[in-house]
Structures are given as structure tokens and as C-alpha cells.
Amino acid sequence: MHGRTSSVRTSLATTTGSPSAGLRDAWLPLAGLSAVFLFEMLDNSVLTVALPTIARDLTATTSALQWVSGAYSVAFGGLMLLFGAVADRVGRRRTMLVGLVLLAVASLATVFVTSVEQLIVVRALMGIAAAMTTPGSMALAFRLFASQDLRVRALTVISTAGLVGLAVGPTIGGFVLAVAPWQVLLVANVPIALVAFVGIRAGIAVDRPDDLHREPVDVVGAVLGTASIVGVLVTPTLVVGGAAAWTGWAAGTATVLVAVGFVVRERTAHHPLLDLRLLARPLVASGLAYKAAAGLAMAALSYLVTLQLQFAWGWPPALAAVGTLPQVVVLLVSGRFVGPFVQRVGLDRAARLSAAAVVVGLAVFALTARLGYPGVLVALVLVAAGMRVVGAVAGNNVLHGLPADRTSIGAALVDTASEVATAVGIAATGTILAALVPGSLGTTPWTPDRTATFDGAVAIAGVVVTVLAAVLVLVGVLRARTAPATPTTPTTKEDSDV
């Protein structure tokens, strides 16, 4: 009875805006915010292992299959800054609740999907929902507590939920596919959205008018920025996907013009969506480059490993899920070592070493994956270990490189860099496979010659993403050298476990 009374009191307190005294007092809104991060990180990772099954079920081409994953990341990354600006004006809580409703509806629509084109539309809607729920999450978590220590601990809890989703997604997906259709993986978002909706609506106060901005939203800049991202990712698909030659050239030309228009708009607008001068700051540029490299590596490796294990080697989804377990273990166990490692070697050196591990992992996969699973195992471990440290360093660099009143846009920039890099990784690998491996991956018979062709294409795709990741890491290293010193250790023990 006492616990129930305490819970009701907590809900009323947080709804009226009074800060909570501890994490247990704020269990309801923390559960809601954790569910939001769980969805954002789980969604693409849990679906990756199902791509071969989807290809067979919906007779998807290689180009279409890459957009089953890529549509989510493009919508998420392309619209996050826009919805961050919208949330600052109409209310972070309100924007998140609308996004959660959209997520539930889009996830339910998966049941009625009968073609790969319909699935791509559903995935894009989920990406829009993710873009609506992400930007205000940090601000809402900060609103729950007056103490900086409690705020850090709350963000640790929320981030851990997302990390668990990212790590265990492929394993969960593989075991679910052994007993249920692939649609279950997306419909599972409905209860997650429900938990998030209830926790946020009942446990977090409505935005106060004084906390909202009144400047107009740069809609033109948002449209141009999103169009630029989509154009960069769609153009290669048009070039190799069988479309007329002029289509690819037209798309490429339009993308360049739109990108130039975006830069001009953001440099001249009175209230730009993104102040481009922020991106020129050394720590910001360094952190975003590191984050992009990690996102690119994780997405490309997960995509290629899934196709390699199930198509080329004929592993069933459940066994493929077991094959990704080393990555899960490293992501979950290595968290406690991040803080001591950074403290011992220093922030800059930790960034360089971990980023190098990501690049080396990709190179190992590209050069040895065709020889058997040991190469895949080494690649998964190296990329996961490197990504664990890079993620912490990237966020630290960006937030320390921005003014105190720009940390919210900094958080949105970090997520945007990760999601856009994820989309680039999937688009690059998918485009190369589509160009080099004829026919549908799911329906064309897998003869020895076709398997050899596929292995060669995977190796080429691996080399390409390795080079891209290496360039991003090099940019991060060079920009970091021109930046002022930053703290080398997390502020609290809890922060070191993120």
C-alpha cells in the first residue's frame, strides 16, 4: 500500500514539474524515456538478421533490400534537426507523444504489408517517429532532477537501455524468426511505444511557455537538408538499379544543387536550422567524425555479416544470431572498462586507439571473411570494442566543444551523424552488392559460382567501407589536435559505465 501511494505521489509530483528526490521516485518517466531509447537502438539491429527472410518472402531485389534498413536511417537522420527545432517551439513532451503514436500505428501497419515497397514506406514512417522522439529526450530527463549527479545517473540508465537494444537485437531477431514470422519483429514496437507513452505522459510535466523558443522554424533549410541526404543515398541506387542512365545523372546534379542551396540558406537565414559555424569547431568536427565512423562501421558490418552467414553460408537465422553473440558480449561487458581505459591512456589517445580498432575490424572482415567464421569473429569483436569507446569520446567532444546553451543541438548532431552514417553504410554496401551480384538474393539459386561472386562483392564492399571509415577517423584525429584540452575522465562512476 505504501509503495502504491508513493508511486501515485511521484507521478503527481513529476507531472506538476517538481524534481524527484531519487531514481526510484522517478521510475515511471525513466521507464518511458528508456523505452524510447530502446526502440531507437533496437529497431534497425533486430531487423538486420531478418533481411534474408524478408528478401525471400517479398521477392526483394538487392537495391530494395538495402532500403528496408536505409529508409529508417534516412528519415531519422534527415529529420532529427527539424523536429528538434519544432520540439523547442511547440513542446518536447508533446512532440515525443505524437511521435510515439505514429510509431505504434506504423508498426501495426506491418501486418498488412504485401510488398517490399510498402515495407520501405512503413520503415520511413518509423524513422520519422524516431526523429520526433529523440531530440527532446535529454531535456526531459534533465527536467526530472535538480541534482547534476542524479541527472547523470538517469542518463546512464536510459543510455544502457538503448545499448542493450543495439547489442541483443540481432540475437533476439534470430531466435524469434525460428518460431515466428518476421513481421513480429516490427509489431513488437507497439508495446514499447505504449510503455513510453504512458511513462512520459503520466510522469513528465507539460512544457512551460517560458522554456519554449518563439523564433520561426527554418522549414526551407530543413527541406533542403533532408533532400540533400536523400539524394546522396538514392543516386547510387539509381545508377546500378537498372534505371535509365540519365536518371542517375539527373539525381546527382539535383543533389549537388540542393546541397549548395542548403549551405547558402543556413549561412544567410536569420534563424538557421543549423549554425554551420558550430560544425567548424575542432572538438565538434572531431566528435562527429568519430561518431560517423563508428555508425558507418557497425551498420555496414552488421549488414554484410548477416547476408554472408545466411545467403553465402546457408546458416539459418537462429544460428546466424548465435554467430553475432561475440559482438553482444563485447558491447555489454566492455562498458565498465571504458572509464578506466580513458583515465589510463587519456581521452585523445583512447579516441585514436578505439577508432583504429574499428577500422582494423572492418579490414579484417574484408580480407578474411570469405575464408570462414574466425575472420568474422575477429571483426565483430574489434568493431564492437572500438565502437564502445568511440561512442563515449564522440559525445564528450561534441558537448565540450559547444557553448553551454547549445548542448541540445549538440546531442541532435551526434545522433544525426550516427544515423546518416548508418544509412551511408547500408547504401554503399547494398549498392556494391547490387552492381556485382545479379538477380535477387532471396530467389536466385545459389550455385558455387554465384556464391564466389557474392564473396568477392562482399570483400569489395568491405574494403570500400574500411576506406570511408579510415578517412572519417583521420578527420577526427586531425581536428582533435587543434582543439583545447578536455576532461579525461567521466564525472561520475555511473557516467563511466555508459
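Trainee: Which residues line the largest cavity?

Mentor: First, this is a predicted model: local features need pLDDT of at least 70, side-chain atom pairs count only at pLDDT 80 or more, and totals for chains, interfaces and linings use all residues. A cavity is a set of points, on a 1 Å grid over the protein atoms alone, where a 1.4 Å probe fits but cannot get out, and lining residues have an atom within 4 Å of a point. For the largest cavity, those are Thr48, Pro170, Ser302, Val305, Thr306, Thr324, Gln327 and Leu380.

Trainee: What volume does the largest cavity have?

Mentor: Searching the whole structure turns up one cavity of 30 Å³ or more. A volume here is the space filled by probe spheres set on the grid points, which are joined across faces, edges and corners. For the largest cavity that comes to about 60 Å³.

Trainee: Which helix gives the largest share of the lining of the largest cavity?

Mentor: By class, that lining has three nonpolar, five polar and no charged residues. Nonpolar covers Ala, Val, Leu, Ile, Met, Phe, Trp, Tyr, Cys and Pro, charged covers Asp, Glu, Lys and Arg, and the others, Gly among them, are polar. Helices are DSSP runs (H or I, at least four residues; strands are E, at least two), numbered from the N terminus. Three lining residues, the largest share, come from residues 282-312, helix α14.

Trainee: Is Thr324 buried or exposed?

Mentor: Thr324 sits in the loop between α15 (317-323) and α16 (325-333). Beyond four places in sequence, Thr324 touches Pro170, Thr171 and Leu380, where contact means heavy atoms within 4.5 Å. Buried means under 20% relative accessible area, exposed over 50%, and partly exposed in between (1.4 Å probe, protein chains only). Thr324 has 9% relative accessibility, so it counts as buried.

Trainee: Which helix gives the most to the lining of the second largest pocket?

Mentor: A pocket is an open set of grid points with protein on both sides within 12 Å along at least five of seven lines. The second largest pocket holds about 870 Å³ of space, and of its 32 lining residues, Ile229, Leu279, Thr416, Ala417 and Val420 are the closest to its centre. The lining divides into 26 nonpolar, six polar and no charged residues. With seven residues, the biggest contributor is α11.

Trainee: How far is Glu266 from the nearest side chain of opposite charge?

Mentor: Glu266 belongs to helix α12 (residues 245-268), and its contacts beyond four places in sequence include Asp218, Pro272 and Leu276. Lys and Arg count as positive, Asp and Glu as negative, and His and the chain ends are not counted. A salt bridge needs a side-chain nitrogen of Lys or Arg within 4 Å of a carboxyl oxygen of Asp or Glu. Glu266 is buried yet has none, and the nearest side chain of opposite charge, Arg265, is away by 4.8 Å.

Trainee: What separates the C-alpha atoms of Ala193 and Leu97?

Mentor: Ala193 is in helix α10 (residues 189-203), and 3% relative accessibility is why it counts as buried. Leaving out residues up to four places away in sequence, Ala193 touches Leu100, Leu103 and Ala104. Ala193 and Leu97 are 96 residues apart along the chain, yet their C-alpha atoms are separated by 9.3 Å.

Methods
Residues numbered from 1 in each chain as written. Heavy atoms only, no water.
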